[in-house]
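Please find below a colleague's note on the structure shown here.

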Amino acid sequence: MVLVDDLWDSYFARGNFRGGARARSVLTFATTGAESPLESVSRVNMRRIGCPTPELQVPIRDHAGEIGIADFYWPAYRLVGEADGDLKYLDPQFRAGRNAAHVFLDEKRREDRIRAVGERMTRWPWSVGVSPTALRDHLRRAGLPVP
């Protein structure tokens, strides 16, 4: 595994070099905040389309405590974004002993609690996250000012 700090060390050790500004931009963008490949590809495509920069892995709370962790959060727009692949619902490894119907109901209740604290919420699958055009359209419909 390569750590971002190691990449920064290599960057600074090189001094000035052709492509240095681009390398700095990539390293500044790099994070360990994504919990899935779909979150990572969505974030890259958000940058490509000029989407407002979201906060990553933000705890959302209500009067009863933590509701859950938002994949993406745009506080200025009161919008929570969830990159939801099918494995969350279909692969037993990700269901923690629940069947798909229970996972779906748990997610529905979680979403209801998030909306009850005044946040809006949007979800997208792989087919949207991997397509800059589809993601742009989806996030625009959700209310983000995407060019």
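1. The protein chain has an accessible surface of about 9100 Å², and carbon and sulfur atoms account for 55% of that area. These values come from a predicted model. Of the 147 residues in the chain, 36% are buried.

2. The protein chain contains 8 helices and 4 strands. Along the sequence, these elements follow the order α-α-α-β-β-β-α-α-α-β-α-α.

3. The largest pocket holds about 470 Å³ of space. Two or more lining residues come from each of α3 (37-48), β2 (65-74), β3 (79-83), α4 (87-90) and α6 (100-116). Helix α3 gives the largest share of the lining, with 3 residues.

4. Which residues lie nearest the centre of the largest pocket? They are Ser36, Glu39, Ala83, Lys88 and Phe94, out of 19 lining residues. By class, the lining comprises 7 nonpolar, 3 polar and 9 charged residues.

5. Phe94, one of the residues nearest the pocket centre, belongs to helix α5, which spans residues 92-95. Leaving aside residues up to four places away in sequence, Phe94 touches Leu87 and Lys88. Lys88 is also among the residues nearest the centre of the largest pocket.

6. Is Phe94 buried, partly exposed or exposed? Its relative accessible area is 44%. Buried means under 20% and exposed means over 50%, so a residue in between is partly exposed. Phe94 is therefore classed as partly exposed.

Conventions: Residues numbered from 1 in each chain as written. Predicted model: local features only at pLDDT ≥ 70, side-chain atom pairs only at ≥ 80, totals over all residues. Heavy atoms only, no water. Buried < 20%, exposed > 50% of the residue type's maximum accessible area, 1.4 Å probe, protein only. Areas by Shrake-Rupley, 256 points an atom, 1.4 Å probe, with all protein chains shown as cover. Contact = heavy atoms within 4.5 Å. 1 Å grid on protein atoms, 1.4 Å probe; cavity = no way out; pocket = protein on both sides within 12 Å on 5 of 7 lines; lining within 4 Å. Points joined across faces, edges and corners; volume = space filled by probe spheres on them. Nonpolar A, V, L, I, M, F, W, Y, C, P; charged D, E, K, R; others polar.
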